[in-house]
Amino acid sequence: MRLVVVESPAKAKTINKYLGSDYRVVASYGHVRDLLSKDGSVRPDDNFSMTWEVSAVGKKHLQNISSQLKACDELLLATDPDREGEAISWHIKELLQENKKLKVPFRRIVFHEITGRAVKEAIANPRDIDHSLVDAYLTRRALDYLVGFTLSPILWRKLPGSKSAGRVQSVALKIIVDRENEIERFEKKEFWSLEAKFLAKNKKIFDARLIQLKGEKLGKFSIVDEKSAKAAAESVVSGKFFVSALESKIVKRNPAPAFITSTLQQEASRKLGFSAKKTMRLAQNLYEGVDIGNETIALITYMRTDSVNLSKEAVDKMRDLIGEKYGKDFLPDKPRFHQTKVKNAQEAHEAIRPVDVSLTPDRLKGKIAPDLHRLYDLIWKRAVASQMASAEFNQVQADISDDRKNMFRANGSSIKFEGFIRVYVEGKDDQPDDEKEGFLPPLTIGDHLPMKNLDPLRHFTIPPPRFSEASLVKKLEELGIGRPSTYASILQVLQDRGYAKLVKKFFIPEVRGRLVTAFLTSFFGKYLEYGFTADLEQSLDDISNGNESKLKILSNFWKEFNESVGQTKNIKISDVIDRLNEILGDFLFKTDDGISKTCPECKTGELSLKMGRFGAFLGCSRYPDCGYVKKLDSEQTAAGGDEMLQISEYPKIIGNDPSDGSEITLRKGPYGLYLQKDVKSPPKTAGKKSVGSKKSAKEKPRRASIPGFINPASLDLKSAVSLLQFPKILGKHEGEEVKIGIGRFGPYLFFKEKYVSAPKSEAIFEMNLEEAVRLIQNKASASQKKSSGK
């Protein structure tokens with residue numbers, strides 16, 4: 001008998017059906033132990049030795065593994081094929097050996113898709129635990145711990161109420177803050193263009209833009225005001241225009257490769273509106289297995305990967321399907337092999353693809369949950385399109401001139417051959433206006449074209465956009481910061497700790513986030529440099545590949561970092577405040593008339609940053625004689641924030657609930673803003689009286705308060721519907737209902753007559769039973785530790 005250990009019960013259930021009675025499959029439910037969450041758990045003076053702690057939940061699952069192992073003669077560790085998976089297997093093996101429960105041979109097996117063939121092939125080719133991967137995991141955990149537990153006390157002392165966001169998270173926060181600073185410093189610039197409408201011979205009207213005026217080429221800022229625009233218009237409006245040049249060419253566009261983790265998160269955000277966390281949770285379900293009818297089927301390959309490779313077997317099956325479903329014209333002469341753009345891609349051997357490409361999205365419609373189906377549809381189409389023929393476009397450029405050396409230009413594009421775009425078109429975060437081309441009617445050199453209209457158009461330059469989840473993941477990937485298994489958690493930690501928030505799906509730094517970033521940039525600037533963090537990630541990759549030593553990397557890092565920490569010990573809080581006033585001056589002291597530190601109340605005192613128990617604020621230097629206080633708020637102080645919060649009239653209609661058409665409104669009451677849903681009464685049946693009281697004809701409206709983590713100005717219909725569903729039942733655990741709701745102190749879970757705090761973020765909208773149970777168990781474990789320590 002062989003015992004196979006995987007992470008999750010869903011994965012265990014799927015694998016179990018491929019193995020016979022000679023196997024038992026059990027789940028560890030993720031990591032069974034972690035670093036003890038207290039100072040001294042990583043000891044630099046003892047070769048960075050670590051103190052681990054087995055959680056109460058981990059102990060329970062480890063006991064189950066030990067119990068099952070008694071009846072088996074071999075242990076097969078089948079956790080995920082990346083560093084985290086390798087670490088879970090290592091922890092289990094180490095604990096079993098420490099407890100003298102491992103009395104049988106153990107082996108490590110790895111597969112990248114959960115199919116009978118892949119699982120049996122892995123069992124036939126076992127290996128030892130890869131200690132290079134484990135060392136990379138241990139190095140990362142040690143680095144994160146040392147930075148977190150060293151910086152947090154410093155931040156708490158020098159910047160009361162703050163703590164470290166985390167080693168990599170702090171860099172991601174800096175990216176968000178730097179972009180916000182760019183937006184605030186941006187000065188919009190006015191410019192004008194002249195757009196004409198011409199009539200072609202076939203009576204079709206098309207647009208063209210003036211590019212040359214009296215023989216001089218026009219740049220973006222050649223026409224900068226209305227007077228110049230009108231003068232230019234008078235110069236060209238009476239001209240006799242004709243087609244002076246015509247260029248036509250066929251342009252090919254190749255398909256994007258199948259998804260890797262980062263591109264999946266980006267596209268799911270753009271096309272489906274999913275958060276990175278939600279995308280990974282759904283992808284995990286698709287990978288581990290989904291119940292379809294009477295069986296559990298794994299639908300995609302491993303979802304944490306930075307390789308764009310596809311197996312030859314998978315490519316051959318895709319090519320067969322393309323030929324049959326779309327025709328031979330859509331099949332390139334030979335398979336496509338894409339090159340990864342990610343430096344030192346190593347997390348897994350393949351891109352994310354459907355396990356069985358013949359299971360088309362149409363075949364699964366209505367058989368799996370809607371969001372699972374939408375994500376599978378995206379993955380299936382992207383993978384299939386990656387092996388299809390190139391799309392071909394006919395691009396036309398026409399120059400339209402008069403005899404006074406004035407020239408307009410029109411661009412058009414039409415599809416000559418669909419190729420891969422028959423199946424899939426890659427999304428973009430933004431698209432410049434000059435890339436948006438229309439269609440041009442047939443034109444010939446020499447054609448005379450009457451001008452039907454001429455419009456001077458006013459434009460302004462726009463600041464760079466804030467980061468969405470998709471564009472931030474893309475930026476992190478470009479900089480070499482983070483890895484497939486960490487992107488989602490990086491974004492979530494920033495929100496959970498109140499350093500940044502999503503407003504209308506774009507990140508805005510909270511005041512606390514700006515303060516922490518300014519402090520770290522001032523006193524630990526090297527450790528927030530993008531290049532330094534990327535180099536450290538590269539060092540972890542080198543350890544994974546066996547090309548670098550764990551102790552060497554940790555020793556070099558700790559030596560310099562510890563010296564930097566020592567240099568901050570004598571810094572006074574007043575010195576920190578002075579430094580923050582200087583760095584954040586444009587943000588803190590901005591007024592309608594420019595930057596001013598003069599107190600608006602007493603007119604003689606000077607404003608300065610102050611730290612209180614309820615956050616940062618500005619106070620007057622003449623306190624207590626002058627009691628002026630200005631609380632700092634992220635949205636009100638962010639660029640464009642006042643406009644985002646400006647809701648002048650209540651009630652404001654949010655929309656109609658898609659489930660029943662009931663109107664949802666945002667209202668203002670004596671205790672603040674709240675949502676109201678006016679429930680529609682069922683239609684009356686002719687000739688029949690309604691059963692019940694007289695009041696039953698009109699149901700009481702549902703109401704929900706707006707929690708602190710939601711910005712009312714950015715509240716959309718989806719979030720409103722979610723808020724009105726609270727409290728709700730997530731499911732049952734150990735025979736008892738698990739409920740989630742929002743109370744006066746924030747989101748909570750309710751289980752067995754006890755309340756447990758839930759994250760104060762929009763993550764609660766997507767929380768499932770498994771995540772809720774994990775929170776409840778962690779709380780129980782923490783309470784047990786606290787009571788045992790008394």
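Here are legends for a set of close-up views of this predicted model.

**View 1. The whole chain, before zooming in.**
The protein chain holds 23 helices and 32 strands. Its C-alpha atoms fill a box of roughly 95 × 85 × 80 Å along the principal axes. For 790 residues, a compact globule would have a radius of gyration near 28 Å, and the 31 Å of the protein chain agrees with that. Buried residues account for 49% of the 790. Looking at contacts with a separation of 6 or more, 69% are between residues 24 or more positions apart.

**View 2. Helices α16 and α17, side by side.**
Two packed helices are described by the angle between their axes and the distance between the axes. Here α16 (residues 530-544) and α17 (residues 550-566) have axes that come within 10 Å and cross at roughly 160°. Angles over 145 degrees count as roughly antiparallel, so that is the label for α16 and α17. Their crossing is left-handed. On the α16 side, look for F532, L536, S539 and I543; they meet K550, I553 and F557 of α17. Sorted by class, this contact has five nonpolar residues, one polar and one charged.

**View 3. Helix α17 again, now with α5.**
The axis of α5 (residues 131-158) comes within 10 Å of the axis of α17, and the two cross at roughly 10°. That makes α5 and α17 roughly parallel. The α5 side of the contact includes D135, L138, A142, L146 and I154, while α17 brings K550, I553, L554, F557, W558, F561 and V565. By class, the contact of α5 with α17 has 13 nonpolar, two polar and two charged residues. Spot K550, I553 and F557 of α17 here; they also take part in the contact with α16.

**View 4**
Which residues of α13 (residues 469-479) are buried? They are E469, A470, S471, L472, V473, L476 and E477. An α-helix has 3.6 residues a turn, so residues three or four places apart point the same way. What do the buried residues of α13 pack against? The partners are the helices α6, α8 (261-272), α9 (276-288) and α14 (487-496), plus the strands β18 (500-503) and β19 (506-509). Just after α13 comes G480, with a positive phi of about 80°.

R185 belongs to α6 (residues 167-185) and counts as exposed, at 54% relative accessibility. Its C-alpha atom is separated by 14 Å from that of R466, 281 residues apart along the chain. K312 belongs to α10 (residues 312-326), and its 62% relative accessibility makes K312 exposed too. Between the C-alpha atoms of K312 and P335, 23 residues apart along the chain, there are 8.9 Å.

**View 4. Cis peptide bonds in two loops.**
From Y623 to P624 the peptide bond is cis, with omega near 10°. P624 sits in the loop between β23 (615-620) and β24 (629-631). Another cis bond runs from F726 to P727, with omega near -10°. Find P727 in the loop between α22 (717-724) and β29 (728-733).

N47 is not a glycine, yet its phi is positive, near 55°. Its loop lies between β4 (42-43) and β5 (49-50), and N47 is exposed, with a relative accessible area of 55%. E734, also not a glycine, has a positive phi of about 55°. You will find E734 in the loop between β29 and β30 (736-743).

Conventions: Residues numbered from 1 in each chain as written. Predicted model: local features only at pLDDT ≥ 70, side-chain atom pairs only at ≥ 80, totals over all residues. Heavy atoms only, no water. Axes fitted to C-alpha atoms, helices over the stretch in contact; angles between N-to-C directions. Parallel < 35°, antiparallel > 145°, perpendicular 65-115°, else oblique. Left-handed = near helix turned anticlockwise from the far one by under 90°. Contact = heavy atoms within 4.5 Å. Nonpolar A, V, L, I, M, F, W, Y, C, P; charged D, E, K, R; others polar. Buried < 20%, exposed > 50% of the residue type's maximum accessible area, 1.4 Å probe, protein only. Rg over C-alpha atoms; globule rule 2.2 N^0.38 Å.
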